Amino acid sequence: MTATSLAEARNAYRRTRALADTLVDLRRRFGGDLDQYLLYMTAVQAEVERSFHPVRASAGMNALSLAETCGLARETARTKLRRMTEAGLLAMGDDNLLRLPDLAAADREYGRLDPIAAPRQ
């Protein structure tokens with residue numbers, strides 16, 4: 001194996017290990033339900049996008065939009081979203097749109113994904 005291919009193989013190994021570690025953590029945090037995490041990160045992305053467009057500052061996402069975006073059945077998504085709302089991960093507004101309770105939650109989630117983008121040496 002050449003030095004370049006060895007370095008590439010090590011880099012691929014580190015990235016794969018970081019992804020596996022992250023998925024294990026997500027599975028633990030979301031009770032084994034990675035679909036729930038997918039719904040949550042879709043809401044996180046919507047919040048971050050909203051912060052880039054102040055004109056749409058009142059925007060949120062409804063359960064149907066989240067379900068369609070994630071490719072989940074509407075009732076399945078509603079059940080999972082209700083659990084996340086009860087756990088305080090999401091907040092339901094008076095307009096029945098789901099939002100993060102605070103934008104700092106998005107920063108925390110992106111921070112948890114950092115090891116995938118830049119795995120330890």
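A search of the whole structure, which is a predicted model, finds six salt bridges.

**Stop 1: Arg17 and Asp21.** Select these two residues. They form a salt bridge, and the closest N and O atoms are 2.7 Å apart. Where do Asp21 and Arg17 sit relative to each other in helix α1? They are four residues apart in this helix, which covers residues 3-29, so about one helical turn separates them. Asp21 is partly exposed, at 33% relative accessibility. Arg17 is partly exposed as well, with a relative accessible area of 40%.

**Stop 2: Asp33 and Lys80.** Select this pair next. Their side chains meet in a salt bridge, at 2.6 Å from N to O. The pair links distant parts of the chain, 47 residues apart. Asp33 lies in the loop between α1 and α2 (34-52), while Lys80 belongs to helix α4, residues 74-86. Are these two residues buried or exposed? Both Asp33 and Lys80 are buried.

**Stop 3: Asp95 and Arg99.** Move on to these residues. A salt bridge joins them, with the closest N and O atoms 2.8 Å apart. Asp95 has 40% relative accessibility and counts as partly exposed. Arg99 has a relative accessible area of 16%; the cut-off for buried is under 20%, so Arg99 is buried.

Conventions:
Residues are numbered from 1 along each chain as its sequence is written. This is a predicted model: local features need pLDDT of at least 70, side-chain atom pairs count only at pLDDT 80 or more; totals for chains, interfaces and linings use all residues. Side-chain values use heavy atoms; hydrogens and water are left out. A salt bridge is a side-chain nitrogen of Lys or Arg within 4 Å of a carboxyl oxygen of Asp or Glu. Helices (H or I, at least four residues) and strands (E, at least two) are DSSP runs, numbered from the N terminus. Buried means under 20% relative accessible area, exposed over 50%, partly exposed in between (1.4 Å probe, protein chains only).
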